Amino acid sequence: MVDLLIGIFLATLITALFTARLYRLLMWYSLNSLSLGLLALAIGRTQHDGAMVVSGVITLLLKAGAIPWILKRLSQRFALVRQIPPNIRIQHAIILVPAILVFTFYLAEPIGHMVGGNANYVAISISSFFLALLLMMEHHNIAPKIVGFLSMENALFLLGTTATGGMPMLVELGIFFDLLMAIVVINLLMRREEMQSGGEAGS
């Protein structure tokens with residue numbers, strides 16, 4: 001079950017890299033967060049870790065539901081462009097994605113033994129972080145960059161969940177609080193982009 005959810009997590013992130021429409025990108029981020037929340041619930045129930053179960057529930061409610069809905073409403077409110085073709089050509093991305101996966105699996109082999117976790121889980125977490133960074137880099141629009149930033153946070157949460165046996169509850173709540181603050185910043189950034197696009201249209 002854990003391996004299946006981690007596979008879905010990685011597959012949704014890779015699919016998001018090739019997505020050219022904003023709402024579909026939000027859908028893939030929601031599915032990515034859904035798999036992460038279910039993974040936290042599965043590990044929490046297996047290890048009888050109440051804090052992990054709570055983190056999984058918060059992840060499902062906040063990341064899989066609330067944040068994609070808020071981003072969709074904000075995109076409608078500020079009339080953001082829904083067509084978001086990646087700046088990196090598909091043939092280049094097809095080469096980059098396997099290269100990142102191979103590099104991180106090679107890199108994570110000694111790290112996995114040092115932290116006492118599964119090296120494959122560490123590799124997938126690190127590769128997900130780099131893939132999310134690539135998602136941020138391949139778009140000029142603010143919305144895909146925001147999704148990339150949130151996906152990077154998902155990758156770090158996956159690393160803490162699978163490789164280290166879970167993070168302290170206080171740290172997890174701090175991360176969720178940072179996400180809520182990020183929503184405020186996202187609102188301001190979208191408002192600024194709307195003003196800039198309006199000024200360019202006026203000129």
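This is a predicted model: local features need pLDDT of at least 70, side-chain atom pairs count only at pLDDT 80 or more; totals for chains, interfaces and linings use all residues.
Residues are numbered from 1 along each chain as its sequence is written, and side-chain values use heavy atoms, with hydrogens and water left out. The protein chain has seven helices and zero strands, where helices (H or I, at least four residues) and strands (E, at least two) are DSSP runs numbered from the N terminus. Of its 203 residues, 43% count as buried, a class that means under 20% relative accessible area, with exposed being over 50% and partly exposed lying in between (1.4 Å probe, protein chains only).

**Overall order**

- Read from the N terminus on, the elements of the protein chain run α-α-α-α-α-α-α.

**The salt bridge**

- A search of the whole structure finds one salt bridge, the term being used for a side-chain nitrogen of Lys or Arg within 4 Å of a carboxyl oxygen of Asp or Glu.
- That salt bridge is formed by the side chains of Glu 153 and Lys 63, with an N to O distance of 2.4 Å, and the pair links distant parts of the chain, since Glu 153 is in helix α6 and Lys 63 in helix α3, 90 residues apart.
- Glu 153 is buried, with a relative accessible area of 11%, and Lys 63 also counts as buried, at 0% relative accessibility.

**Polar contacts of buried residues**

- Asn 32, which is placed in helix α2 (residues 22–47), counts as buried at 2% relative accessibility.
- The side chains of Asn 32 and Thr 12 are joined by a polar contact of 3.1 Å, which is defined as a pair of N or O atoms within 3.5 Å; within protein, one atom must be able to donate a hydrogen and the other to accept it, and residues adjacent in sequence count only if both atoms are side-chain atoms.
- Thr 161 lies in helix α6 (residues 142–162) and is buried, with a relative accessible area of 3%.
- The side chain of Thr 161 reaches the backbone oxygen of Phe 157 at a distance of 2.7 Å.

**C-alpha separations**

- Ala 99 has its place in helix α4 and counts as partly exposed at 40% relative accessibility, while the C-alpha atoms of Ala 99 and Ser 127, 28 residues apart along the chain, are separated by 9.8 Å.

**Surface patches**

- Patches are made of residues with over 30% relative accessible area and no salt bridge, with like charges joined within 9 Å and nonpolar side chains (Val, Leu, Ile, Met, Phe, Trp, Tyr) joined within 5 Å.
- Phe 103, Leu 107, Phe 130, Leu 133 and Met 137 form a nonpolar patch on the surface, together having about 450 Å² of accessible area, and the elements that give two or more residues to the nonpolar patch are α4 and α5 (119–137).
- Accessible areas come from the Shrake-Rupley method with a 1.4 Å probe, and for residues only the protein chains shown count as cover.
- The largest share of the nonpolar patch, three residues, comes from α5; Phe 130 lies in helix α5 and counts as partly exposed at 33% relative accessibility.
- Arg 21, Arg 24, Lys 72 and Arg 82 gather in a patch of positive charge on the surface, where Lys and Arg count as positive and Asp and Glu as negative, while His and the chain ends are not counted.
- The place of a charge is taken as NZ of Lys, CZ of Arg, CG of Asp or CD of Glu.
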